[in-house]
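Subject: Structure handover

Hello,

Here is the structure you will be working with. My notes follow below it.

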Amino acid sequence: MKIISLNIYGYGKITETELNTNQKFVQIFGENEAGKSTMQSFIHSILFGFPTRKEQEPRREPRMHNLYGGKLTVQFPDEPGPVEIERIKGKVQGDVKIYLNDGTVRSEDWLIKKLNFIDKKTYRSIFSFDVLGLQDIHKNMTEDKLQEYLLRAGALGSHEYDEMLSAIDAELKSIYKKNGINPKVNQELEEIAGVNEKIKKLEQHEERYKTLINEQSKTEESLNAKKNALHQLETIRKQKMKEVMYHSDIKAWKSLEDKLNIEPVVFPEQGVERYEGLKNQSQQIQRDIGLRAEKLKSLKNEISLIDLPDKDHLACLERIQKREPDIKQKKLEVTRLNTAVENLEDDIHNLQKDIGWQQEYDDVDDSNIVKESVQKLLSKLDEAVLEEQYLIREIDHLKSDIRQLDQDIEHLEDSQIGEERLRIKKELIDREYELKEKEKMFKLIEKDYEREKRERNKVKRGQSILIIGISVIALLIGIYYLFSSNWLMGGVFAAIGIVTLLLLMLTNQKEDESLKTDYQKEVHELEDIIDTIKRNNDVDFDINDARNLKMDLKTQNTKRISSNVKLEEMKEALSVKEALNDSLNTDLLNVKKNLRVNPDIENKYIVDAIHTIREIKQKRNQINRHKLEIDNIKKELREFKTEVKNDISSMDMQYDDSSIFYDVKSTVSKMYKDQSHYTRLDDQIKLLENEINVLEERNSVSAQKVQKLFEYVDAEDEEEYYYYARKHEEYHDNIAKFKELTTKLDEEHFDYDSRNELARFLLADLKEEEENISTQIEEFNSKIQHEQKALAEINSEIAGLESDGKLSELNHMFEMRKNQIQGLSREYMSLNYIRILIETHIKAIKDERLPIVIEEARSIFESVTRGRYINVIYDEDGIKVRHSNGQLFHPLELSQSTKEMLYISLRLSLIKALKGYYQLPLIIDDAFVHFDRERKKIIMDYLRNEVTDQVLYFTCNLDSSIPSQQTIKLKEKVK
Amino acid sequence: MVKFIHCADLHLDSPFKSRTRMPGGILNALMDSTYKSVERMIDFAIENKVDFIVIAGDVFDRANRTLKSEIFMKRQFGRLKENGIFAYVIHGNHDPLTDGFKTVWPDNVTVFKENVETYEMISSKGERIFLHGFSYFLDDSYENKLDGYPVNTMNEGIHIGLLHGTYSKGSYRQERYTEFNLETLNQKLYHYWALGHIHQREQLSDLPPIQYSGNIQGRHKNEYGEKGFIYVKGDDVYLDTKFIPVQDIMFSEYTLDVSSLNKQDLYQSIVEFKHRLREKGKQIIQLTLYHDGDEIISEPDFNEVIELLKEDERDLKDFVWIDNLHLKYMNQDSIALLNDIKASYSSNDTLFKEAVNSMYMDPRLNRYLLPIQELEQEDLLDEGEERLKMLMRK
């Protein structure tokens, strides 16, 4: 590959620079800081990418602008035309575009392939030479390094084999060692063996499960058999216990059966009760009869003590008793009448007081005639008094009216107006009327005059304007003439103007207005007259009012005269009435005297007094009637008393006025009581006698019945009868008991035979049997318990095994570890495989490629040293060279320049050896500073003539032997 | 209408294959997961009142056939019995008849013997159902017993075939026991074929339904996705099938793009990712991270992140356990000088054997390793390169 030209857009401090390098050998000269290193870096970057962070190199992005990158134009040996490689800023390593000659564009992949996957580092270490690299050849050019470079040929990537191998080795050692302990796999193996062991144990343990299951079923079977036997024994024991329990009953049953084996005993139904009932009954009857006989005797005694009363006496007494209310009534009547008389006397006395009587006057006339005459008088008197009062009132009225009228008249006389003043007033009114008429006239005349005046003024204005116009024109003409020195004409016209003006002034004098002023004067005169009248007289009143006042005065005077006449008449009528009144009063006084009443009594009460007198008379009559009645009653009472005294004398009784009736009453009641007591006793005696008869009859009947009962059992007496009764009862009790036992035993399943048989046994025998059975049961029970315990153990063991998931867990662990081992092994094997491959590869290279390279190096070294050194050898100690005199030298023993020569020779031979893989330009960065002129010439010649690849030689010492067309001078320092 | 459940490959208590060490909680969840999924299936059967369930082999796992699993199964069968549900079981290569039972099943369970047998049952609705099948006597069967299945000539009732075997056209990793083809099965004129042995659910035919129900709980990363049983409903004309997932722990694979390889950022983005997954229940996942930048992360840092992530899941109920965390750099092809080596020597078997023999020649170790023929040279090379890249990034 040959670089034809460089086009730097911007890289480091170089911007927009273009270099043509289309030569096989190019010397690029520049002073320090001219940009030589930048340019080398640029070439590397364009071909292999901009420096990344990992690399030690600066990225050289321009500081001043944004263009980063550039373009290389190169010529590949297998491409028909030049190819442009452009790399600009983009991703970290820059974006690449390849422009082929035929116009197609390719990507970076194409370039990488084209460069045969060489990377930047490898390129630098093979194709770039600098002064530092030349100095330590023994370090940089060891056999390993050489191999390394050889190995890298054709591969991509930057790692070194030994680095890889050592990493792999370390890793492998940590994973597995055949007899190790610590590596992972070995540890896992250790652990998995442990797990395996445990699994084996547990598996054996689980094998036991089957035997356990067998045991379980066996034990269960025997257990069931034993349980059955136990159950049977239990039933037998229960039977025995029952027999023991009922043994006494069975015995009793047996004895009863024997007892009842006789003829049945007879006895009347309810025999004892019936006999005893009858016995009691007859005893009771005997007692009753005794009691009744006793009572009968006492009653008979009692009745003999009572005597019956006489019937006539009783009748007489009853008659007296009947009259009691009548007598009592009469006595009360007497008392009442006496009280009435007293009351009436009191009333009379009171009434006398009312009318002023000291005593009663029976002869006073109180007839209706007197009464009516009094009433008439009274009415007349009332009438007279009323009329009198009316008249007095009227008189008073008239007197006050007359007084009022006098006052009015006086007032009216004061307000009258004089005759003189009335006259003046009339004259004033006339004058004022005249004035009004004249003013009206004056106004009409004034109006006509004003209209006329306006017409005249109009005409006059027209005239004066015309005259002023003429006079002005005349004046102007006059002035004109005066100015034009025409004095004559000027004077004429000026005079005309002045004259006309004067004329106008004269005609405009004021006209006289004589008519108007005359009228005005007249009016003023009238007004003056009116004013003077007003001033001299008081005329401030209405003439009509004055007239009315006069009329009023006249009417009031007439009224006063008529009132005075009326008053006189009234006074006369009043005196007549007073006389009539006096005569009436005298008549009434006479009446009072006749009635013998107090004369001071008022007239209006006279009628009432008459009524009172009448009442007194009436009451006196009533008193007389009452007194007569009292006398009659008292007579009757006396009669009754004598009668009764006669009647009771025969009956051994005293008469007392106050207690007679009470005595009679008590005697009567005693008589009645005695009578009724007697009758009652008599009845009781009869009843008792009957009862006694009935009881005796019944007693005989019960005696017969008792006899019948005795006959039924063929008993002689009561003792025997009771013996038979007891016998019968005993028999029946036994039967009941026997029946009860039979049912009880039947229910407990004891049949007839077993009963008979058991009755023969003794209780102690039975108990012994039961005990035997019990011990047997206990034995069985303990056996069963034992077996159950064993079964439970087996069951728990089975459950333990069933619930134990340990084996499964261990199996999981085992698999897990197995997986781990497999994984680790795989890792180990894969790495081991890689290791083996690498080692094989290295060996192959050592054997095949290295001798060729060394032979080439030898030939180059011999050539550039002009035959002074004839061989290059690699042995265990490293590189050695053989001098033409046969001596071997280590590079450290060589001179500096020879050493550098050796290095260059080796590198060039390497490049030659790798020619099949890479054909790239060599970049030499001032590598030959230690060479003298001759050596430099030799190496330069060699580079220029022998090396087939393009060489870019960067230097700060211009080699003038190189043609200028192969030289580029970086003259200016790039900013 | 008849209702039944078809399941297979319960692999009760089967050990899980994981390369990481797990904390106790997750380990316990893993160990319980097969049990839990079976319990869920039984719950479903009881709840939906199915007539019977069919288990097409491999109830137990050869690697962990313990008493625990048998007692568990006995109890579950007991639950079915209480609810009047029958169970028909054939044994497969993982639990052949000869391995023997330590316990006795309840009487609602019917186990097919080593020769083809037919059982008849009457469903709750009165349909007659005929079940045909056989169990493996030893851990593999010597002869193909398909000819022993009777042909349905009666045209009466519903016929169901139970078979533990391998579909001849399938490319499964399992051992190829009792290979069959659809033609043979169709010739039997059955209404349903309940297949077992293949752990990946697959419907081989629609009419009649011939399906693998797959296993009921995944056991390693290759058995990913939902796992469960098939719920069949219908009559002699048409049987409707529905897959019901019951797995307790799900295995899945995921990828995640990470923009930053900073230790904290990386950890954070994975935690967020896990948080999104968590609602789907317990999971064990393979996670591949893709980084499209020029950052790198050193191995110690990366391991630290892995440890942190593991620590996070220690006590969680719905854990998301990252079984394998793999980081891929999109931009760095790195050690490509190996390409040269690979190109020159990968075909050299002697070198491969030399690498592998170092371990297989160790008698203490080789018993735990996979059979040597299962190792793929290329896979090993890739893994090694990957591992080396990681090592070189220190």
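Start with one residue pair: L922(A) stands opposite V951(A) in β13(A). That pair belongs to β12 (residues 922–925) and β13 (residues 951–955) of chain A, which pair in the parallel sense over 4 bridges. Pairing here requires that DSSP finds at least two bridges between two strands. Helices (H or I, at least four residues) and strands (E, at least two) are DSSP runs, numbered from the N terminus.

Before the rest, the ground rules. This is a predicted model, where local features need pLDDT of at least 70 and side-chain atom pairs count only at pLDDT 80 or more, while totals for chains, interfaces and linings use all residues. Residues are numbered from 1 along each chain as its sequence is written, and chains are lettered from A and ligands numbered from 1 in the order in which they are written.

The sheet in chain A
The open sheet has 5 strands, in the order β8-β12-β13-β3-β14, with parallel pairing. β8 (128–130) and β14 (967–970) of chain A stand at the edges with a single partner strand each, so one side of each has no neighbour in the sheet. From one strand to the next, the twist averages 15°.

A helix pair in chain A
α11 (residues 368–414) and α16 (residues 606–649) of chain A pack at about 165°, with axes 9 Å apart. Axes are lines fitted to C-alpha atoms, for helices over the stretch in contact; angles run from 0 to 180 degrees between N-to-C directions. The angle makes α11(A) roughly antiparallel to α16(A) (the term covers angles over 145 degrees). V370(A), K371(A), V374(A) and Q375(A) in α11(A) meet I606(A), V607(A) and I610(A) in α16(A). These contact residues divide into 5 nonpolar, 1 polar and 1 charged. Nonpolar means Ala, Val, Leu, Ile, Met, Phe, Trp, Tyr, Cys and Pro; charged means Asp, Glu, Lys and Arg; the others, Gly among them, are polar.

Chain B and its interface
Chain B has 9 helices and 17 strands. Of its 394 residues, 40% count as buried (20 or more other C-beta atoms within 10 Å of the residue's own, with C-beta atoms placed from the backbone).

In chain B, 46 residues are in contact with 51 residues of chain A (C-beta atoms, placed from the backbone, within 7 Å). On the chain B side, α9(B) gives the most, with 9 residues. That side divides into 24 nonpolar, 9 polar and 13 charged residues.

Best wishes

Technical notes. Two residues are in contact if their C-beta atoms, placed from the backbone, lie within 7 Å. A residue is buried if 20 or more other C-beta atoms lie within 10 Å of its own, exposed if 12 or fewer, and partly exposed in between; C-beta atoms are placed from the backbone. Angles under 35 degrees count as roughly parallel, over 145 as roughly antiparallel, 65 to 115 as roughly perpendicular and the rest as oblique.
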